[in-house]
Amino acid sequence: MHKDRVRWNAKFEDQRELGEPSSWIVDMHAMAPGPRALDLAAGRGRNSVFLAGQGFEVLALDVADRAVRALKNHSIPGIFPVQADTDRLCLHPDSFDLIVCCNFLDRRLFPTITESLKMGGILLYETAMESDLAKSGQPMNRDYLLRANELLHVFWGLRIVAYQEAVIAEGPSVDPRVVARLAAQKGWTGDRCLIHCKA
């Protein structure tokens, strides 16, 4: 954990701007059936701030204590920042109406993510995947890159609402990245779905 904390603290020292929320989160968050949200690997809190503005109560977890302190200093109502060791992450089952995870990949957490969703809850996942795209913002370490269709296979027990593998460039100075994006729901409500899927 110490090495991870040092690495991410260094990144957030260079990245002082909050940044815009993920367009995937903006487009899909309203599907959540309730207000309790988890922002996993929240960083400086760009998605947490957006979700709190939409009325969610957000547990914002990150390994980087520097990012967590910065988020705490903003004292934004509805956001509860916590510095957490993902190697020892313990979340209660059936706790969250919405879980979001952007630009972070730790495959060991996949079962915990599923278990932590409430029945009817929504998972929104977006992170980099393998690509031959030149000048991309992809991580160099293959361990931090999704394979094609990996999220579909990992979260097969959830109801897949929307899925994309796409080139995105969010912001004028950001290199394009190839990402996988998943929106999925835990469980089924019987005679109707809790959500509407964009075409």
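Buried means under 20% relative accessible area, exposed over 50%, and partly exposed in between, with a 1.4 Å probe and protein chains only. This is a predicted model: local features need pLDDT of at least 70, side-chain atom pairs count only at pLDDT 80 or more, and totals for chains, interfaces and linings use all residues. Residues are numbered from 1 along each chain as its sequence is written, and side-chain values use heavy atoms, without hydrogens and water.

**Whole chain**
- The protein chain holds six helices and seven strands. Helices (H or I, at least four residues) and strands (E, at least two) are DSSP runs, numbered from the N terminus.
- Along the sequence the pattern is α-α-β-α-β-α-β-β-α-β-α-β-β.
- Of the 199 residues in the protein chain, 46% are buried.
- Contact means heavy atoms within 4.5 Å. Among contacts between residues at least 6 apart in sequence, 61% join residues at least 24 apart.
- The accessible surface of the protein chain is about 10,500 Å², computed by the Shrake-Rupley method with a 1.4 Å probe. Carbon and sulfur atoms account for 53% of that surface.

**The sheet**
- Seven strands form an open sheet in the order E3-E2-E1-E4-E5-E7-E6, with mixed pairing. Two strands pair if DSSP finds at least two bridges between them.
- Strand E3 (79-83) and strand E6 (159-168) are the edges, each pairing on one side only.
- Neighbouring strands are turned by 15 degrees against each other on average, direction ignored. Axes are lines fitted to C-alpha atoms, for helices over the stretch in contact; angles run from 0 to 180 degrees between N-to-C directions.
- Strand E1 (residues 36-40) and strand E4 (residues 96-102) are parallel, with four bridges. Here Asp39 stands opposite Val100 in E4.

**Strand E7 and its partners**
- Nine of the nine residues of strand E7 (residues 177-185) are buried, so E7 is largely enclosed by the rest of the structure.
- Arg177, Val179, Arg181, Ala183 and Gln185 point one way from E7, while Val178, Ala180, Leu182 and Ala184 point the other way.
- Strand E5 (residues 117-128) runs antiparallel to E7, joined by seven bridges. Leu123 stands opposite Ala184 in E7.
- E6 and E7 are also antiparallel, over nine bridges. Ala162 stands opposite Ala183 in E7.

**Helix H4**
- Helix H4 (residues 65-74) lies across strand E2 (57-62) and E3, at about 155 degrees to E3.
- Ala67, Val68 and Leu71 are buried in H4. They lie on the same side of H4 because they cover an arc of only 100 degrees around the axis, taken from the directions from the helix axis to the C-beta atoms.
- Ser75 follows H4 and has a positive phi, near 50 degrees.
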